[in-house]
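Here is a quick briefing to keep beside the structure while you click around.

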Amino acid sequence: MSAETLHIQASLSVGGFTLAVDEHIGLDGVTAVFGPSGSGKSTLLRVIAGFEAPSAGRIALAGEVWFDSRAGVNLAPHRRPVGFMFQDARLFAHLDVAGNLAFAERRVRRALPGFERQAVVAALDLHDLLARPVAELSGGERQRVALARTLLSAPRLLLLDEPLAALDRARKAEILPYLETLPRRFRIPTLYVSHDIDEVAGLADHMLVLADGRVQQHGSAAAVVERLDLQPLAGRYEGGVLLEGRVVGHDERLQLSFVDVGGDRLTLPLLARVAAGETVRVRIRARDVSIATRRPEGLSIRNILPGTLATVDSDPRTGVASAAVQLQGAHIRARLTLAAVEELGLAAGMPVYALVKSVSFEGRD
Amino acid sequence: MPDLSAVWLTLQLAAAATVILLLLGTPLAWWMAGTASRWKPAVEAVTALPLVLPPTVLGFYLLVIMSPTAPLGSLWVSLTGDTLTFSFSGLVAASVLYSLPFMVQPLASAFEGVGRAPVEAAQSLGASRLDAFFSVVAPLSTRGFLTACVLTFAHTLGEFGVVLMVGGNIPGETRVVSIAIYEHVETLRYAEAHVLAAGLLVFSFTVLLLVYAFNRRYPLHVG
């Protein structure tokens, strides 16, 4: 845990859009910047990198001022020790893969042990690609090279701008493991922009939610995911809980994995990449959870978790209620209709069963 | 025997104008490709003027500006001891202006084609804008540079009106091939005019052919 932060206070108007933020972003682990398209996520990253100058504000990394409109400070992008990974890779087409990596190495800002070419090439499995011209790479390979190139510049802050958005499902699955492990392995604080909460829910420590150029939520990933149900983002209610659990086993024939979450056993679609004993993070959306007052029988739903209703918050305006169910170790959220709450007489303290369909878990691989 | 000194002088003039324009036109084109300044349309218009003005208009104003009695002309005389009008240096200066659009426009469109994206990528890896220009933008604009230099060179070769106005017809100093051809025709020495004219035709065609062939073989970089 580091007490250092990136302070970004910025206001910026482009066309009809206004970005106005004032946040201290912790420089430990991965902060997901999440929000619908057009919410200002990419602009925020571009402001931090120095590609756009705010009309007013101040940007400082661990006390080192990069931008201050009042003091007239505006550090050029190449003097800011950030690594920027673009959605479209932006490899240099006149160089081969090795040339792209060498470009970063020659301009490295600080000699950092662990960031040698050998280590980075090995971490991203690039050895066979080094002599290839950039034009012959697949989309996934391009992003791997782009990530390697960025790491070789030994940045103090890694900015990932929708690095998977241009890729199809299969390619995403090819890159995601690298994005999940590398920021931690190389100990670089990372801001990860995405409009896809499932992409970032599994790897983010913190989450910052943007909408219309303003910060709606900022906190630990688990806390933010729970509060997401308060408002629809991108037109959908994505709120729920992030549960951390240990994989206890797989059933290859039925294509299922079993995960222990604080004493409760969840049945999930097969997590092929995760071995038994490893820790995984599972997001369960509140809208995928139902509640029963008696243990149901003859039901296709695989996850029937006994617990106690902790809270029931009804919103008469929308006819929707949000319930929290305390399980053995963790808690889970359910999104219900007001009608169901009244018919079942749901109230805090009641023993209930939380029902979660196994197929509702978003595939993480 | 055709006037070989005119051929040699023409090549020198075209080479000098191309080199100077490469040095001046590249930063101008880079600025034009990247700027959002409200002066951009004005600069673009001035740059394109030599394309539409009759060479006599350009030559007339150059003659006025470069005359030893004008401020610029007299400054040049005091610096070099030579006049700008009716001299090789004056011809080079005139050619630079006259051929400016042929250097700047292909370069600006090449730089615009490369766009901001690779520059930002280079900057994020620690390259200054200047570094990014030389290490990324210029190599990605090879075709633009080639086209610009060849067009500038070829266009300067074919210059006539401005040269006549500014330089006159001094053998070894300002008498370029186009002027020599004109004089041969005026004096009814058609055989000599033929040699020079055909030489210029074949040379220009060959150069252009090489450029287009090279552009076809040398693939555009698609990032």
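Take the contacts in chain A between residues at least 6 apart in sequence: 66% of them join residues at least 24 apart. Keep in mind that this is a predicted model. Chain A has eight helices and 20 strands to find your way through.

**Chain A overall**
- The C-alpha trace of chain A spans about 65 × 50 × 35 Å along its principal axes.
- Of the 365 residues in chain A, 41% are buried.

**A buried helix in chain A**
- Helix H1 of chain A (residues 41-49) is largely enclosed by the rest of the structure, because nine of its nine residues are buried.
- The buried residues of H1(A) include charged ones, Lys41(A) and Arg46(A).
- Ser42(A), Thr43(A), Leu44(A), Leu45(A), Val47(A), Ile48(A) and Ala49(A) are also among the buried residues of H1(A).
- Just after H1(A) comes Gly50(A), with a positive phi of about 95°.

**Where chain A touches chain B**
- On the chain A side, 22 residues are in contact with 17 residues of chain B.
- Strand E7 (82-85) and helix H2 (97-106) of chain A are the elements that give two or more residues to the chain A side.
- E7(A) gives the most to that side, with three residues.
- By class, the chain A side that touches chain B has 14 nonpolar, four polar and four charged residues.

**Helix packing in chain A: H4 and H5**
- The axes of helix H4 (residues 139-152) and helix H5 (residues 169-185) of chain A come within 8 Å and cross at roughly 15°.
- At that angle, H4(A) and H5(A) are therefore roughly parallel to each other, and their crossing is right-handed.
- From H4(A), the residues that make the contact are Gly139(A), Gly140(A), Gln143(A), Arg144(A) and Leu147(A); from H5(A), they are Arg171(A), Glu174(A), Ile175(A), Tyr178(A) and Leu182(A).
- The contact of H4(A) with H5(A) has four nonpolar, three polar and three charged residues.

**Helix packing in chain B: H1 and H9**
- In chain B, the axes of helix H1 (residues 4-34) and helix H9 (residues 142-157) come within 9 Å and cross at roughly 140°.
- H1(B) and H9(B) are therefore oblique to each other, and the crossing of H1(B) and H9(B) is right-handed.
- H1(B) makes the contact through Thr10(B), Leu13(B), Ala14(B), Ala17(B), Thr18(B), Leu21(B) and Leu22(B), while H9(B) uses Cys149(B), Thr152(B), Phe153(B), Thr156(B) and Leu157(B).
- The contact of H1(B) with H9(B) has eight nonpolar, four polar and no charged residues.

- Most residues other than glycine have a negative phi.
- Gln255(A) is not a glycine, yet it has a positive phi of about 60°.
- You'll find Gln255(A) in the loop between strand E12 (240-251) and strand E13 (256-261) of chain A.
- Gln255(A) counts as exposed, because it has 12 C-beta neighbours inside 10 Å.
- Leu188(B) is not a glycine either, and has a positive phi of about 60°.
- Leu188(B) is in the loop between helix H11 (177-186) and helix H12 (190-217) of chain B.
- Leu188(B) is exposed, with 8 other C-beta atoms within 10 Å.

How values were computed. Residues are numbered from 1 along each chain as its sequence is written. Chains are lettered from A and ligands numbered from 1 in the order in which they are written. This is a predicted model: local features need pLDDT of at least 70, side-chain atom pairs count only at pLDDT 80 or more; totals for chains, interfaces and linings use all residues. Axes are lines fitted to C-alpha atoms, for helices over the stretch in contact, and angles run from 0 to 180 degrees between N-to-C directions. Helices (H or I, at least four residues) and strands (E, at least two) are DSSP runs, numbered from the N terminus. Angles under 35 degrees count as roughly parallel, over 145 as roughly antiparallel, 65 to 115 as roughly perpendicular and the rest as oblique. A crossing is left-handed if the near helix is turned anticlockwise from the far one by less than a right angle, and right-handed if clockwise. Two residues are in contact if their C-beta atoms, placed from the backbone, lie within 7 Å. A residue is buried if 20 or more other C-beta atoms lie within 10 Å of its own, exposed if 12 or fewer, and partly exposed in between; C-beta atoms are placed from the backbone.
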